[in-house]
Amino acid sequence: MRNKRKIIARMAAFTVAMVLAFVSGPFVGENPKYVSAAGRPVSIDSCLISGTDVECQISASSVPSGDDGNYYIYADEVYLDGTEGEIVAKVKAGTSVSVSFPLNRNEENSNLSRKFLVAVKRNGRMEQVSDEHYITNPEVLSSCNMTRMDGSIKGILPDITRVSAGQLQDLGVHQVVYNMDINELCSDASVPGAISFDYNGQTYYFDGDLIGRYDSTILGLNRNGMQITMVLLNGGKNPYGQDLIHPLGRDGFECPSYAMNVAEEAGCDHLKAIGAFLGQRYCGQFGYGQVDNWIIGNEVNARTSWWYTSSTSVDVNVNTYVKAFRILYNEIKAMNGNVRIYNSIDQEWNRKSNPGSFLAKEYLDQFNYYMNREGNINWDLSYHPYNSPLYDPYAWNGPSVWVKDNLATPYITMQNIDILIDYMHQKKFLNPDGEVRSISIAEIGYTSSFGTENQEASVAYGYLKAASLPDVDAFMLFRQTDEAEEMKSHLALGLYDLDGNKKPAYEIYKKLGTVAEAEAKERASEIIGMDIDKMIGENIVWTRSGSGVVE
């Protein structure tokens, strides 16, 4: 289940921040501006898999000078820079050039998750003349033909102890979100029951008992009609998975999830194998269950909570995340081309409640910059538009100091999520087919600590707002059952209380998306004091004065 530290840490940080006067603009010690493109004279326009080869298209406004008139194509592992990798092809330099070289899939020198660049020889030395570019169509390798389990956006973080009782089916959810710690999956040949997996010339081992439990859970959920979104975390506690922790995360700082190791050979190789293993095992064809959506990390802009490195540079952290994302994207998609693969950011759009975090907007912009620069792919966005503060009970009427109806808003909640949707409609954010990316509200929750009526209306408002937006493909309530530690911070987010009793929010969520939805809308409208269809349809954004502390 999801680690509790996130909610508690964010609440503690927010409590401290509330003591201070609100100041707009960047915090003192803000990270440097984004790095800009190098302005190199040669462009790799595409690198695509064609049969057993990789074909790259290269262009240049003018041919850069070189000793022998050739372009040299380098394949670099993600931890290498410049002309440090392997020369995989040589071709006569020109303004428009095609070049191909072997893919070497599932071989020691596989190019599937490498990055490519062009160099020329000058004065006997190699000089890089292009930016890096990745393969952008790994899905053509996929032999998985299982249809996605798409349907209703209605979802939840499940209480697994209640799944067997049919409570998810009674609730009428179609999607569930679940966590998987890749570090915990790792094992060794000496461990009884370990599962071996041969990949790229090496043998890797996975914990057979743990994998078996995931198999059972995923299969059980699938059989009950549930589409699964799996969040990949990196907890760092397992001795067999220590090579997955980024060197910048090894300073002893305690964190529920660390940056994945894209800085060393062993970590990168291990990460590739994990991506391939998971993509193959859970593609739905081999009897282990089907995962349709993978989220790489959780709220990765929250550096000291969910993607830890010791670096406070936004560019260092985004660059690290992009490399891990590229590896897992290509390896998973090559096994199952039907999956969607999401990044994950929180609701702190233009304001940090935790100084160890990066702004969500800043992180998203930089992530998209690298994706466009190094080869646009079908990445998708997981967003968590919690109320601000988290314990605020009114999804439809947030504090005016935190929730604004413009791009400068400190936070994006369900009230003003249209800002995010419009932002993702910009040309620079579109996928390779020119379409708006899938947006998954993979985590959202509302407290009953200040009245069950407020939770009822908030759940209805959040779901109906999400359902009104064609680009939103999931609305996942956090969580099915209250959690005692979270409740200490007034976060009674479950649809069940600790004694297993259904709250009124359960009944209203059950009706949403069904023939009984009109009853749910009537109830929510009564609590809110306005027709909820009118509020959502006309995009009426109510806010209230004050700090957001519930009176």
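**Overall architecture and local geometry of the predicted chain**

Of the 551 residues in the protein chain, 61% are buried, where buried denotes under 20% relative accessible area, exposed over 50%, and partly exposed the range in between (1.4 Å probe, protein chains only). The model is predicted: local features require pLDDT of at least 70 and side-chain atom pairs pLDDT 80 or more, whereas totals for chains, interfaces and linings use all residues. Residues are numbered from 1 along each chain as its sequence is written, and side-chain values rest on heavy atoms, with hydrogens and water left out.

The radius of gyration of the protein chain is 24 Å, in agreement with the value near 24 Å that a compact globule of 551 residues would have; the radius is taken over C-alpha atoms, and the globule rule is 2.2 Å times the number of residues to the power 0.38. Along the principal axes, the C-alpha atoms fill a box of roughly 80 × 55 × 45 Å. The accessible surface comes to about 20,400 Å², and 48% of this area belongs to carbon and sulfur atoms (Shrake-Rupley method, 1.4 Å probe; for residues, only the protein chains shown count as cover). Among contacts (heavy atoms within 4.5 Å) between residues at least 6 apart in sequence, 71% join residues at least 24 apart.

The protein chain has 15 helices and 20 strands, assigned as DSSP runs numbered from the N terminus (helices H or I, at least four residues; strands E, at least two). Eight strands, in the order E9-E10-E13-E14-E15-E16-E18-E19, form a closed barrel with parallel pairing, two strands being paired if DSSP finds at least two bridges between them. On average, neighbouring strands of this sheet are turned by 30° against each other, direction ignored. Helix H10 (residues 417–424) packs on the sheet and touches strands E16 (379–383), E18 (439–444) and E19 (472–477). The direction of H10 makes about 170° with that of E16; axes are lines fitted to C-alpha atoms, for helices over the stretch in contact, and angles run from 0 to 180 degrees between N-to-C directions.

Strand E13 (residues 227–233) and strand E14 (residues 293–296) run parallel and are joined by four bridges, with threonine 229 opposite asparagine 293 in E14. In a regular strand the side chains alternate between the two faces of the sheet. In E14, Asn293 and Ile295 point one way and Trp294 and Ile296 the other way, and all are buried.

A further sheet is open and antiparallel, with its three strands in the order E1-E2-E5. Strands E1 (42–50) and E5 (96–102) are its edges, each pairing on one side only. Eight bridges connect E1 with strand E2 (residues 53–60) in the antiparallel sense, and isoleucine 44 stands opposite isoleucine 58 in E2.

The largest nonpolar core comprises 139 residues, and those with the most contacts inside it are Tyr71, Met230, Trp294, Phe325, Leu364, Trp379 and Tyr509. Such a core is a set of buried Ala, Val, Leu, Ile, Met, Phe, Trp, Tyr and Cys residues joined through side-chain atoms within 4.5 Å. Helix H8 (residues 314–335) contributes the largest share of this core, twelve residues. With neighbours within four places in sequence left aside, the contacts of phenylalanine 325 include Ile296, Phe367, Met371 and Trp379. A second, separate core of 17 residues includes Val177, Tyr342, Tyr386 and Ala474. In helix H13 (residues 504–511), Ala505, Tyr506, Ile508 and Tyr509 are buried, and their cover includes E9, E19 and helix H11 (452–467).

Most residues other than glycine have a negative phi, and most peptide bonds are trans. The peptide bond from serine 388 to proline 389 is cis, with omega near 0°; proline 389 lies in the loop between E16 and strand E17 (397–399). The bond from phenylalanine 478 to arginine 479 is also cis, with omega near 25°. Asparagine 123 has a positive phi of about 55° and is exposed, with a relative accessible area of 75%. Asparagine 200 has a positive phi near 50°, but counts as buried at 11% relative accessibility.
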